[in-house]
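User: I'd like to go through this structure with you, a few questions at a time. Here it is.

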Amino acid sequence: MSATVGAARLVFLGPPGAGKGTQAKILEDRYGVRQISTGDILRANVAAGTPLGAKAKSFMDAGDLVPDDVIIGMMEGELGTLQSFVLDGFPRTVAQAEALDLMLARLGLPLTAVVLFDASRPALIERLTGRWTNPRSGRTYHSVLNPPQVSGVDDEDGGPLVQRKDDTHEVVVDRLSTYDQKTAPLVDYYAKTGLLLRLDGLASIDDVTNALLAGLDARPGSVAR
Ligand code: AMP
C-alpha cells in the first residue's frame, strides 16, 4: 500500500453514479484523506435552510450546475487548512478547474492526481435510480447491487437511508447531459497535466479500490510501504 495515499491531494472526476463518493469515503475511512463532497455540502446547506442552500436548491433540483461563483466561494473556505484531501464533485467546469489551480498555487499544495471514473450511460442510470443514501454521512447503497443488511438502514451507523430527490429517472438524465456538456471537457484539461489516472468505474467496489490504490502507488514520487 502506498505511503503517499495519506498525503494525497486528489480530484475525483466522472459522471454522477460512477463511484466517486463511494471510493472517496473508503480513502477517508482507511487513510484519513478528507473527503470534500460539494454535493454533500450543498445538500447540508439546503437542509439547514442557509443562504447558500437557498441559492443552490433550484439548480440541484433540476439537475443543473450551481453557478461557478457560488461554488468557488464555497470551496475557498473548505480548502484553507488541509494538507490532503479528495475533491468529490469539484471541479465540474473549466472555470472551476482554473480557480482551483489558483487556490492550490496560493497554498503551495499542488494536486497529486486526478482520477477519472469511466462508466457507460445505461449502467449509470440503473445505479443512480436504485441508490439509497445516508444523508448524514453521505454513505450510499444500491437496492440490488449493494443492498444494506436491513432495508432502509445504514449498516455502519444505523441511520435511515433515503432516495435523493435528484436520483429520479428524469433528473438523472438531465444530470448526465449536464456532465457531458460542462464537465467532460475537464478530461482533456487534466490529461494535458499528466495527472490523469483512468479507472473502470463499473468494476466491483473492491476492484475499483484496488485499481485506485495501485494507480496512485505507480505514480512518480510515490513511496512503496
Ligand atoms: P453530486 O452529489 O455530486 O451529484 O451533486 C449534486 C448536485 O449538486 C449537482 O447536480 C449540482 O446541482 C450541485 N453541485 C455539486 N457539485 C457542484 C459543482 N462543483 N459545481 C456546480 N454544481 C455542483
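Analyst: One definition before we start: buried means under 20% relative accessible area, exposed over 50%, and partly exposed in between, with a 1.4 Å probe and protein chains only. Keep in mind that this is a predicted model, where local features need pLDDT of at least 70 and side-chain atom pairs count only at pLDDT 80 or more, while totals for chains, interfaces and linings use all residues. Residues are numbered from 1 along each chain as its sequence is written, and side-chain values use heavy atoms, with hydrogens and water left out.

User: Is Arg131 buried or exposed?

Analyst: Arg131 sits in strand β5, residues 131–133 (strands are DSSP E runs of at least two residues, helices H or I runs of at least four, numbered from the N terminus). Its relative accessible area is 14%, so Arg131 is buried.

User: Which side chain does Arg131 join in a polar contact?

Analyst: Contact means heavy atoms within 4.5 Å, and beyond four places in sequence Arg131 has contacts including Gly17, Tyr141, Arg164 and Arg175. At 3.0 Å, the partner side chain is that of Asp167.

User: How much of the ligand does the protein bury?

Analyst: Arg164 puts a polar side-chain atom 3.1 Å from a ligand oxygen, and for a side-chain N or O atom of Arg175 the distance to a ligand oxygen is 3.2 Å. Taken alone, the ligand exposes 480 Å² (Shrake-Rupley method, 1.4 Å probe), and the share buried by the protein is 95%.

User: Which element gives the largest share of the shell around the ligand?

Analyst: The ligand is surrounded by 16 residues, with Thr38 and Arg43 among the closest (a heavy atom within 4 Å counts as near). Thr38 has a polar side-chain atom 2.8 Å from a ligand nitrogen. With four residues, the largest share of the shell comes from α2.

Note on methods: Polar contact = N/O pair within 3.5 Å; in protein donor to acceptor, adjacent residues only side chain to side chain.
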